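Hi,

Here is the model I promised to pass on. Have a look, and my notes follow below.

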Amino acid sequence: MKIQNEEAIWGLVDAKKEAFVKLADQVFDTPETLYKEFQSVKEHISTLESEGFKVTENICGMPTAVIGEAGDEGPIIAILGEFDALPGLSQKPGVAEYKPIAEGGNGHGCGHNLLGAAALLAATAVKDWLAETGIKARIRYYGCPAEEGGAAKAYMARDGLFDDVSAAISWHPSTFNAVQHGHSLANTRVDFTFTGKAAHAAAAPHLGRSALDACELMNVGVNYMREHIPDSARIHYAYLDVGGAAPNVVQATSTVRQLIRASDNATLRDMVARVQDIAKGAALMTGTTMEEKVYSGVSNLVGNGPLEKAMQVEFDKLGPVVFDSEDTAFAEAIRETLTEDDIAASFQRAGRQTPPDLPLCDFVAPLDRSSTGSDGSTDVGDVSWVTPTVQAQVATCAVGTPFHTWQTVAQGKAPAAHKGMIHAAKVMAATATHLINSPETLQAARDIHNQRQNTTPYVCPIPSDQKPPIVEQTP
Ligand SMILES: [Zn+2]
């Protein structure tokens with residue numbers, strides 16, 4: 001391995017940071033969700049073009065997905081970005097109280113405005129480093145839409161978009177600094193639609209067959225199933241159609257969406273088959289017919305030891321994000337709005353006891369930490385099944401901030417958030433150059449990845465013929 005000069009790559013990040021902080025703020029100001037990220041992707045495309053990347057739009061038929069590539073020959077390092085917001089989380093930035101900008105509007109409740117801009121800043125620094133050093137490698141930025149509920153990366157993984165990638169790097173805004181451990185839950189959302197027969201509920205009930213009854217019986221079955229699933233698995237549901245609001249009509253149609261989560265893809269497939277049997281049983285019991293459609297699905301995240309070690313080396317050299325007294329004052333104000341349980345959960349995820357008073361994270365958690373706390377799901381999981389993948393978590397907000405809340409949005413444009421995103425870009429860019437300089441680390445990462453593929457091959461939880469639920473842009 002060549003000796004890594006971190007000062008050089010950190011300096012390339014610093015050289016262009018202002019433009020990317022602006023990009024993060026622009027995306028913050030146009031919060032868009034679920035395949036409707038037209039303005040956000042436009043900003044990313046124009047940055048890619050002005051930085052001289054080779055740009056490919058409309059990835060996988062998704063109008064809000066983009067890839068930018070630079071460099072030639074050698075290994076391909078992917079840096080993954082996101083820029084989608086969440087519904088119902090509109091919030092004024094920079095204030096420590098609930099204050100929506102637009103009632104019911106969107107907001108960046110998961111910090112993806114920072115995520116995408118920092119990923120693109122990292123890719124740009126690596127591009128500039130390749131140009132300066134003349135080293136043969138390719139850097140590729142993946143602008144991925146619809147992470148929240150749309151599983152864009154799962155479609156991209158299924159369709160082979162990462163097949164030539166040597167390693168993928170990403171990050172997520174967080175309350176602490178760490179290299180992410182490889183675990184998140186696999187999940188799938190399946191819509192079960194029952195069709196019965198409408199009838200007058202009093203005059204001719206014997207002629208009706210209730211689709212709503214079928215949905216209710218299905219949920220009873222799933223509720224009994226919950227006792228007999230692994231502890232880490234989860235099943236949630238929502239009614240999409242209850243067949244109308246008239247109780248004196250036998251409801252002829254009804255749809256329930258089941259969101260099933262499990263620790264790994266194989267367990268998920270087993271649970272989905274059991275839920276499908278329950279749906280068939282409900283249809284049989286009620287004399288209705290049942291159709292099912294997968295709405296989305298993501299794989300569990302799998303770790304990669306060699307990549308995690310390489311990223312930890314780079315994170316430790318850089319150290320934690322350095323915050324100032326104004327950052328601390330705002331974090332303290334935000335913490336006034338949080339519960340002790342929020343703060344304790346945040347620290348348990350970092351594998352630490354809760355210190356008495358720490359408004360902003362001042363350490364980089366070690367790789368061998370034991371972390372507890374609940375896991376969510378991410379479509380980065382699918383990328384990790386098709387190429388060795390590593391992610392950082394970088395402090396951008398007050399310790400204890402629960403994500404998907406107004407408090408996250410309120411901190412999304414703060415100076416602390418900007419410091420965190422620049423720091424994340426340095427961690428990712430330094431990890432990328434470390435890997436480019438160390439073919440043996442890339443090979444070790446690939447060997448572990450291939451071993452897993454040989455024993456448990458990747459099966460995308462989204463059926464092969466299903467298209468992403470994209471939205472066309474209205475003029
Ligand atoms: Zn997120």
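**Notes on the model**

Arg-261 sits in strand β9, residues 253-262 (strands are DSSP runs of E, at least two residues, numbered from the N terminus). A quick word on provenance: this is a predicted model, where local features need pLDDT of at least 70 and side-chain atom pairs count only at pLDDT 80 or more, while totals for chains, interfaces and linings use all residues. Residues are numbered from 1 along each chain as its sequence is written, and side-chain values use heavy atoms, with hydrogens and water left out.

Back to that arginine. Arg-261 is buried but has no salt bridge, and Glu-148, the nearest side chain of opposite charge, is 8.8 Å away. (Buried is under 20% relative accessible area with a 1.4 Å probe, protein chains only; a salt bridge is a Lys or Arg side-chain nitrogen within 4 Å of an Asp or Glu carboxyl oxygen; Asp and Glu count as negative, Lys and Arg as positive, and His and the chain ends are not counted.) What the Arg-261 side chain does have is a polar contact with the side chain of His-236, at 3.0 Å (N or O atoms within 3.5 Å, one able to donate a hydrogen and the other to accept it).

Then there's the metal. Cys-110 (SG), His-112 (NE2) and His-172 (NE2) coordinate the zinc ion at 2.1 to 2.3 Å, with the spacing C-x1-H-x59-H along the chain. Donors here are N, O and S atoms within 2.8 Å of the metal (3.2 Å for Na, K and Ca), and water is not among the atoms, so the site may look incomplete. Cys-110 and His-112 are both buried.

Cheers

Definitions and conventions. Buried means under 20% relative accessible area, exposed over 50%, partly exposed in between (1.4 Å probe, protein chains only). Helices (H or I, at least four residues) and strands (E, at least two) are DSSP runs, numbered from the N terminus.
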